[in-house]
Amino acid sequence: IELKSGILNIFLKTGIVFTQVDLWIGLSYCDGKWNEVTVNKEGSVVSASMNELREQTLEPHVQQLKVNSPVYVGGIPPEIQKFYKELSLEQGFGGCMKDVKFTRGAVVNLASVSSSAVRVNLDGCLSTDSAVNCRGNDSILVYRGKEQSVYESGLQPFTEYLYRVVASNEGGSVSSAWTRVRTRESVPQNVPTPSRVHSINGYSIEVTWDKPAGVIGVIEKYILKAYEEDGPNVPITSSELTDTSMLTGILTGLRPFTNYAVTLTACTLAGCTESLHALNISTPQEAPEDVQPPTAISFPTFLLMSWSPPKTPNGIITQYTLYMNGVPTYFGNGTKYVLTDLAVFTPHQFLLTACTLAGCTNSSQVTLFTAQLPPSHVDAPVLTVLDSRTIYVQWKEPIEVNGILDRYIIYIANNEHNFTKWNVIYNSTELFLDFTIQQLFPGTEYLVKLAACTGGGCSISEASTAVTDESTPEGVPAPKAQSYSSDSFNISWTKPEYPNGIITSYGLYMDGVLMQNSSQLSCYAYGLAPWSLHSFRVQACTAKGCALGPLVEARTMEAIPEGTVDIFAIVDESREVQLKWLAPNKPNGKLTYTVLVTGLFYSDQ
C-alpha cells in the first residue's frame, strides 16, 4: 500500500499473479483531519477506498491470501526491503495512524506491539500546518548557496517537516523529491503530582495520576517512586509502567507502618521528568517478620528468659506470647521472664509469638536446657595391685549425672605426704571406666580417689587404699663411722631412699663380717686397735630380699706409741754425727719424730 503523488496504490502478489489497484485521491486528505483507508480482498476482487472514494479490480487468477509472517505498517525494515526490489518501495509513511483493524476486528496499538515499529499513533502529530506542508507548494526557503549541506535550527519538537533541494544554473533548475523528516521529542514538562494514593496492604500501594498536559511526543513509560520520609533522597522502590494508556499503577516492595512520599515520572524518548512534589502516605501495620526465638541464661532449676523485638516489627508490638513445650507460659509486652521449679539439665521447647494489630507471627522453635550440676554421688574406685609398681583402677559412672559427663579425674597420694598433697595422675574426656597407674614405689600405701565432672562442676569420691607389692630396698645409704676413742666406733645410718616395703632388719658389716643384724639404725664397735683401718657396709632387708649399701672406710683414733725407740749414733767427721733409730713396736698412730741433742756445740769465735 503506497500513497504517492495523490494516488493510493495497492500492490498484491499471490504466487505468480500480480494485482494492482490505483485510487486517485489528489490532495483531499491534506485537511488536518483523520482519514479512513480500507483495503479489502474478497475472492477475486481487490478494492481500496479512502473516505468517500473507492476503486477495485477483478483478477480471476488471484489466489487466497495467507498471512504467516510479520505485518509491517508504515514501512518495512531495510534488511527486508532488499528482497522486494521489484516493488520499488518508497520510504516509510510519515504521518499518523490510529485504530488499525484487521478482518477479525482486532484493534492494534501500534506504539506498543513492536519495539521496532515506526512511531505511529502519535499524540498531537496533526496540526494546522499539515494542510500547508503536505501540499508542497508553500514551502519556506531554508538555504540558498553553493554548499551541499545545511543545519536548520529553531524547529518545533516532534514535528514533521518536508524538504527538497532545487539545483539551479543559468540554464534552468531541477528539483529533488520531497523528503520527510520528524524532529525528536522533548522531555516532558510539568509532570503532575499523583492525584491519589491508596494502600492495598502494608507492602504495596495503588497510585492514580492524571495524564501530563503539554507533552510534545509520545510518553514511553511512567515511573512510580516511593521515598521514605526524612530518609535519604534515594527511592526505596520504584515501578516502571509501559502501558501508558493506564493512569493507575501498583507500587510494591514497601515496608509496613512507614511514611512514604510518592512521585510520578513521565518519560519520552528524549528523557524523563519527575514531579516536583510528592504525595504522602503511611502504609498500614502488618504481622511482624523475622521474629527471633527466645534465649535464656541457664541455672540448675530455673531459666532467665529474654528475647529481642522482631527485626521487622511492621508496626507496634502489642503482645508477646512465650510457649514452653507447647503451653503458653507468658503473655505481655515485656522482653524478660523467669521460669522456676525446673528439673536439673532438662530440655524444654520454646517458641515466641509477636503480635501487632494486624496479626501475629511465630519464631522458630528452640530447645533450651537448664544448667548442669556436679554428679550427685561418685563411688570410690576399685583398686587392684598388679605388681610392685602398678595399680589398676576401675570405677562406675555416677547414677545421677545431673548433666553431660565431661571428664574423669584421678587423684593419688601416699602416706609419705601425710595424705595432704593430692596429685592429679589422670584427667581425660575419653570417659573410659578404668586406668592403670604405673611407675609407683613398691611396698607403698597409696590413696586414690575419683572425680566425675559435668559442665556444672565435679564431685569427688571417697578415697580407696592399696599397697603395692614389696621389693628389695633401693638407695641403701652409706654408714657414718665416727671414732671418739682409739679403740671404738660409733656407726649410724638412715633408712633407704626407697624402702620398697617394710624394712625387717638392718645388717652392719665391718671388715666383711656381719657384726650386727637388727632393726636399729646404729651400732657401737669397740676393742679395736688404735689407728686401725676398718671397712663398713649396711644391708637393708624387706620380706622380698636384702640390698647392700656402699662401702666406707674409717680409722680409730690415735694412741700413745708403745715400746722404745732405739737410736744409733755414727760419727762421720769432727763436727758431724749421723743418727738412726727404729720405730716403736706399736706406733698406734701416724708417727712424727723429734731429735733432742744436748752438749757443747762448736762455734766460730
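This is a predicted model: local features need pLDDT of at least 70, side-chain atom pairs count only at pLDDT 80 or more; totals for chains, interfaces and linings use all residues.
Residues are numbered from 1 along each chain as its sequence is written, and side-chain values use heavy atoms, with hydrogens and water left out.

Reader: How many Å separate the centres of domain 3 and domain 4?
Author: The domain bounds come from an automatic or database domain assignment, which places domain 3 at 295-369 and domain 4 at 382-456. Taken over C-alpha atoms, the distance between the centres of domain 3 and domain 4 is 44 Å.

Reader: Is Thr 283 buried or exposed?
Author: Thr 283 lies in the loop between β20 (279-282) and β21 (295-298), where strands are DSSP runs of E with at least two residues, numbered from the N terminus. The classes rest on relative accessible area with a 1.4 Å probe and protein chains only: buried is under 20%, exposed is over 50%, and partly exposed is in between. Because its relative accessible area is 3%, Thr 283 is buried.

Reader: Which backbone nitrogen does the side chain of Thr 283 reach?
Author: Contact means heavy atoms within 4.5 Å, and, leaving aside neighbours within four places in sequence, the residues in contact with Thr 283 include Arg 255, Pro 256, Phe 257 and Thr 258. The side chain of Thr 283 reaches the backbone oxygen of Arg 255 at 2.7 Å. At 3.0 Å, that side chain also reaches the backbone nitrogen of Thr 258.

Reader: What is the bridge partner of Glu 206 in β17?
Author: Strand β14 (residues 205-208) and β17 pair in the antiparallel sense over 4 bridges. In β17, the residue that bridges to Glu 206 is Ile 250.

Reader: Which residue in β41 stands opposite Asn 490?
Author: Strand β37 (residues 480-485) and strand β38 (residues 488-492) form a hairpin with 2 residues between them, and Ser 485 has Ser 488 in β38 as its bridge partner. β38 also pairs with strand β41 (residues 522-525), in the antiparallel sense and over 4 bridges. The residue in β41 that stands opposite Asn 490 is Tyr 524.

Reader: Is Asn 190 buried or exposed, given its relative accessibility?
Author: Most residues other than glycine have a negative phi. Asn 190, although not a glycine, has a positive phi of about 55°, and its place is in the loop between β12 (179-182) and β13 (196-199). Because its relative accessibility is 68%, Asn 190 counts as exposed.

Reader: What is the relative accessible area of Asp 290?
Author: Asp 290, found in the loop between β20 and β21, has a positive phi of about 55° although it is not a glycine. Asp 290 is partly exposed, because its relative accessible area is 45%.

Reader: How many Å apart in space are Thr 19 and Thr 429, C-alpha to C-alpha?
Author: Thr 19 has its place in strand β3 (residues 17-24) and is buried, with a relative accessible area of 5%. In sequence, Thr 19 and Thr 429 are 410 residues apart, and their C-alpha to C-alpha distance in space is 101 Å.

Methods: A polar contact is a pair of N or O atoms within 3.5 Å; within protein, one must be able to donate a hydrogen and the other to accept it, and residues adjacent in sequence count only if both atoms are side-chain atoms. Two strands pair if DSSP finds at least two bridges between them.
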